[in-house]
4 protein chains.
Amino acid sequence: MKITTDHLSDLNEKQEVSYTSELQFLRNKFSNRKLSLDEIIKKLADFQVAIPSWALGAGGTRFGRFSYGGEPASLEQKLDDIGILHALTKSAGAVSLHIPWDSPGDVKAVKEIAQSHGIVFDAMNSNTFQNQPDAKKTYKFGSLSNTDKAVREYAIQHNHEVIKIGKELGSKSLTVWLADGANFPGQNNFQTALQNTEDSLNQIYGKLPQDWKMFIEYKPYEPNFYSTVIQDWGTSFMLANACGERAYTLVDLGHHLPNTNIEQIVATLMLKGKLGGFHFNDSKYGDDDVTVGSIKPYALFLIFNELVYGMENNPQNPGLSWMIDASHNTKDPLEDLIQSLEAILIAYAQALLVDQKALKEAQAENDVVRCQEILQDAYRTDVRPLLKAAREKSGAAIDPLQAYRHLGIRKNLIKERGTKTKATGL
Amino acid sequence: MKITTDHLSDLNEKQEVSYTSELQFLRNKFSNRKLSLDEIIKKLADFQVAIPSWALGAGGTRFGRFSYGGEPASLEQKLDDIGILHALTKSAGAVSLHIPWDSPGDVKAVKEIAQSHGIVFDAMNSNTFQNQPDAKKTYKFGSLSNTDKAVREYAIQHNHEVIKIGKELGSKSLTVWLADGANFPGQNNFQTALQNTEDSLNQIYGKLPQDWKMFIEYKPYEPNFYSTVIQDWGTSFMLANACGERAYTLVDLGHHLPNTNIEQIVATLMLKGKLGGFHFNDSKYGDDDVTVGSIKPYALFLIFNELVYGMENNPQNPGLSWMIDASHNTKDPLEDLIQSLEAILIAYAQALLVDQKALKEAQAENDVVRCQEILQDAYRTDVRPLLKAAREKSGAAIDPLQAYRHLGIRKNLIKERGTKTKATGL
Amino acid sequence: MKITTDHLSDLNEKQEVSYTSELQFLRNKFSNRKLSLDEIIKKLADFQVAIPSWALGAGGTRFGRFSYGGEPASLEQKLDDIGILHALTKSAGAVSLHIPWDSPGDVKAVKEIAQSHGIVFDAMNSNTFQNQPDAKKTYKFGSLSNTDKAVREYAIQHNHEVIKIGKELGSKSLTVWLADGANFPGQNNFQTALQNTEDSLNQIYGKLPQDWKMFIEYKPYEPNFYSTVIQDWGTSFMLANACGERAYTLVDLGHHLPNTNIEQIVATLMLKGKLGGFHFNDSKYGDDDVTVGSIKPYALFLIFNELVYGMENNPQNPGLSWMIDASHNTKDPLEDLIQSLEAILIAYAQALLVDQKALKEAQAENDVVRCQEILQDAYRTDVRPLLKAAREKSGAAIDPLQAYRHLGIRKNLIKERGTKTKATGL
Amino acid sequence: MKITTDHLSDLNEKQEVSYTSELQFLRNKFSNRKLSLDEIIKKLADFQVAIPSWALGAGGTRFGRFSYGGEPASLEQKLDDIGILHALTKSAGAVSLHIPWDSPGDVKAVKEIAQSHGIVFDAMNSNTFQNQPDAKKTYKFGSLSNTDKAVREYAIQHNHEVIKIGKELGSKSLTVWLADGANFPGQNNFQTALQNTEDSLNQIYGKLPQDWKMFIEYKPYEPNFYSTVIQDWGTSFMLANACGERAYTLVDLGHHLPNTNIEQIVATLMLKGKLGGFHFNDSKYGDDDVTVGSIKPYALFLIFNELVYGMENNPQNPGLSWMIDASHNTKDPLEDLIQSLEAILIAYAQALLVDQKALKEAQAENDVVRCQEILQDAYRTDVRPLLKAAREKSGAAIDPLQAYRHLGIRKNLIKERGTKTKATGL
């Protein structure tokens, strides 16, 4: 099914009345600050987050998985789902493909479908943490870090292949998430594993097109439970430096030890011009991959505060590649993504409201109380009218979740696809 | 110095204009729900949080302490500080005394000062984690759990003494925070330590007046770094049950292991009618004791959501004893407390806005997405106009922090007391 | 394949020489303490740990699974594998069945196979965290805690069914691990969920045979990532008390928040006579389920120190049900279990060596240094000769891992079963 | 009091008999491996750990401190205490001075005392986390990262002063532990703070003598509870690279977030030639600073396994500066240090026993089970006879703790110094 402007205009009309007064209220509130709400609204309307091709079906845990009806059974159907999401929100205009889960058979056809939805191809994701049915080598004991050179080459080759597919699709970046590590002390020689990884990444980087970027993800644990080769931002940063200028660190919110100050990592990487990509999700315990903003929305705001600061003050850092990397075990995947997009834009809007000039002054005076007041004043503001204005501006549904339900989209998908399809992914 | 209505009326007048339109905006917004904002405003105005007598001076860490000017040098001055706080906020109408740090010399005089500020005496706190200069027994190896009966009796006696002082002051409860534990495996016999603690608590409880309550606090670690006798809510709950009907568990937000779901503990204790008291603060790493709501405001809201639910649905649970238990290492203590009170009332107001009926329905339908929407809709609302209305209603400053600064209160305190005084406490 | 005494006697003969001198060395070392090494050896020989029926195949994570050759394809083959393990170690004389993964088709035949291996049926495990292909109700939103009474009854009914099967097999206990919880704030009403769970457990308990015990497991998170109904020992203990005398708490080492002092929980539960069962594994980050003793062997020793103390001093607590609950993602499952059994017996032996009398004295004198010395002296002792003696005494292989490899057991299993079988389980 | 060889020879004679047979036992055990126990004994005898000048008195927490009798009241007495420790163990032949807590008044005299005890001056420690009574600038809001240039220069100047004192004493390194950070979001601009820190460190480095090294310590939190400028090894490593060749990262075991894989950090830093120093202690919750090896001895072994590997395979990394950085809240500080030294040497000895050749082979074959067996075989060996041999070889007490108690050293110290002295430190 395809969402058209007709679908949305009626719904939007009903919303308009109330949100217009809400927006006016905000305009009055901020009238004494040199702050253009229209500029903020424009930034919100322009913000685009890639949807990973594996996020359209139900996720699961090692204890099992509960299917969701109407899951997309093919890459084409996945693009259709993102198309729906993008029509409703105008914030999801990109897809991040995972190879081989979503290898495009007919590249031209896939590109056309994407184009018809206004979707571009963001970072390509390789997979060297699972064995495919036809695998000639096993990644059981690692891929880019493997002690066996043949396995390393097999994994490098796969990454080269992913770049090739990406080039055909018009992508401009490669994300390497390396699950390599050990379940037990002694299993790996840390130094050898790191050295092998550096060498392998260098070889992948060697075939990276000149206008591409490579993102190196880090994660402290899972699926390995004793050690992970690229365990933290420091290791990723070191490897990115070893590869070259177009290699960057990628931050996934869920990939940190308990209590990590992630916003500080963001600030450091942007200062050094090495933050390349960002994966959104939320978590309470580990890499829980739950809906963005559902557990720690203030932390998300603090991170956005650093991202906004960096985007405004760090020309040395390139534009960022944004992606949602969540898993939907008990929710309708599309509804979950709508909630995630909403949380991202709320945090972004709040961060854009921060009075940076006043903050700088308060910091210079060590007026800690006032520093906190400035951040919390932005955070406590109800910024949802700004999102509504941005969505109306860009032709999206003013209230995407309400529109999704009102239009009976899931029901339609189930009608089209049945209840037994299973999307590739985790 | 004493804040009078005159001090505040001018300031409030200037605030009134803007907040009235903000409030009207909220009234419009919620007009379609059967929700009385006036009732919420009344609840906010009625909410009183005790200030501990040790929170009026600068706090420190084991690495040192940076003094703050104008700290109160006596219990009387501490009451004056709380008086200022209460005048500005009308939310701090109680003090929680710590004995012996703040033993009242002249009980009558102390009561009169408190009364003049409209302050009542909330829970009394005993101290068996430090040796006083004139101590006849040492708590180095524990107090209520000590292997030496004489030490246990000394600690029990101290608690009896605290009850006696509390009775004279008009307090109605005793809080026992037990630091007892071990720094090293083997140091304690866990079973003996627990048994001794149960016996000692029973003896304290034995002298508890009939109209008093006893609160048993728990904490996983610090100042002991291997084990703590009352390490979690389960142990506290077990001990409270062993003591009797008037013994309750006290929850301090900072006293939990990483990632603990505190709101669930709150719900369980209220269901069982055993939640007695609540200590507010916030933390990122351990028992950091930083300003309430400064790190995890959404978690605070979720906790308040359970507290509000419990207050409405659990008649088996008594009214709660609320206290701020934070430490102000780099902020003006009074400003910090104003910020903490603000954060508490914001979370309370948000929780009061939750549409409980809709939530119940969504839960019954397992509509997880809608459940989240209902909570987040309340949380994302800017409830500060409700706080302003509540404060105006009760004769407080509409914007207490601004008033505090405008009136130059700290400057006055420094003038009166100098820069070298040091308040008792941590 | 079946291991016979002939298989082992040759291998043992070669081992005997060296271990006899090692044992003599220990005898000399401890000659000055009133400590019977023979008694310790006997206790080690008698110690039996149940093997869960799901631990004989390769485990996996949500990111995938790497198969192991020769996995058992049926319950019968699983019993054969445990038979091998028991023949080699004489410590694995029990199986813990998971229903419906390992429902016995022909009960009589299954009992005979078990008997032929000297294996008894330990605790039965129910499964209400997955939907079976023929399920009439879904556990997606909980089982015993579900808001829908029909689902709760379906889950209760399943537990009754598991009891029935267990009775036929000669089991004497039921383990209930409840995955119920929520992925998002608001999804559950905590109080309703807890109340429903208590009611459901009571109904299960109602059909528990008089000579059976019921074990209630707890876990803070996973597969749910916001809350779990039975999140900690305190909740399990409360529920066990609500059920009755034959309901107990079960401790699984991996089911705790970071830094939890588990040994203290063990001590508390044994003091209260409510520790029923124990699941062994190890972990660094979460419920990693890696080989026992592979990450924190000293913590395991400290836990055994409390278990030994409880077994000697707490007649109010019944005999414990021991089980290994680990997952073998990258190891031969049988080798992994051999290593786990070794680690368990080492910790047990070390704990048996602790000079309890001296410890008690040192504790009474608050001689913290000496307390630590006493524990560490036992821990630092190389107790492996005691294990060898126990194994020889009971007719096992003196060095089970060496025997396993020497006898080429995995190779034989692959020959018999092929490389494509997949054992039921996680 | 001064320990002489006479004091020890009698005690040692009694020990000799038993330990000689124990050693012989080990020799037999390892006779089939090409492993020189004598070489290991020599390495153990040569291993020297610096004692910080602040570790000779009782430590405390923010909740208070319990004094210990006979604490050293001056630097001279501290050196005497280390002298005792070194005489008993021959492993504590260095002191690490903290300025200004232990500024030497008369440098020449202090050097002579140290020399008389066979003690050299290891790394110098500066202090910019506390205000000294005569401080002209306040470090309340940071030192090297402060927004105020004058404060930064004051702190830089202090570090230059510390270098100057160190040069006079014969030290060859400076340790910078920076407590700078923030208690609240917004308080600091992360990028400015980091940039200021880099500049300040560069200026300190600029005055570093050519034969000196500079160690940059990291720590995630405490005394600041929201952020710390040098929060992790990645930041320290980045800063060390920015300073130059003689700047290194220093690892303190307690300065990590929960569950961090520290041994991997060690391996990475040694591979890159940037591990400069190592602070020993242990912890269960945070930076608990308890006795080395008292909580996680296996983790300590795994770390030593990497250190030994690095010392043998990484010529690019310089010799390491070892120090104990623990706090003795409830133990006799000297006894605690004896226990720490014992734990360090045990872990070192176990690591030296690891069959590196076999490990490498098993790793190449991905024989995970065998890798674990190889490490655990070394770890499970009772290596205490090797320590005894090393101590006898170097003229120490074979059993230092027994000697310490037998000689009544604490009693003597109390007699000399009384029970009221308080050593400078935390």
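Predicted model: local features only at pLDDT ≥ 70, side-chain atom pairs only at ≥ 80, totals over all residues.
**Entry 1: cysteines.** I looked up Cys371(D) and found this residue buried, with a relative accessible area of 1%. Buried here means under 20% relative accessible area, exposed over 50%, and partly exposed in between (1.4 Å probe, protein chains only). Cys243(B) also counts as buried, at 9% relative accessibility. I then counted disulfides over all chains and got zero, taking a disulfide as a pair of cysteine sulfur atoms within 2.5 Å.

**Entry 2: ground rules.** Residues are numbered from 1 along each chain as its sequence is written, chains are lettered from A and ligands numbered from 1 in the order in which they are written, and side-chain values use heavy atoms, with hydrogens and water left out.

**Entry 3: chain B against chain D.** I found 42 residues of chain B in contact (heavy atoms within 4.5 Å) with 42 residues of chain D. The two chains bury about 3,900 Å² between them, 64% of it on carbon and sulfur atoms; buried area is the accessible area (1.4 Å probe) that two parts lose on being put together, summed over both. Arg62(B), Phe63(B) and Tyr285(B) supply 24% of what chain B buries here, more than any other three residues.

Six salt bridges cross this interface, each a side-chain nitrogen of Lys or Arg within 4 Å of a carboxyl oxygen of Asp or Glu. One I looked up joins Arg62(B) to Asp289(D), with the closest N and O atoms 3.0 Å apart.

Entry 4: The same surface serves both copies, as 100% of the contact residues of chain B recur in chain D.

**Entry 5: chain B against chain C.** Here 51 residues of chain B are in contact with 51 residues of chain C. The buried area is about 4,500 Å², of which carbon and sulfur atoms give 56%. Phe190(B), Gln191(B) and Gln264(B) supply 15% of chain B's share, more than any other three residues. I count two salt bridges across this interface. Lys272(B) forms a salt bridge with Glu198(C), the closest N and O atoms being 3.1 Å apart.
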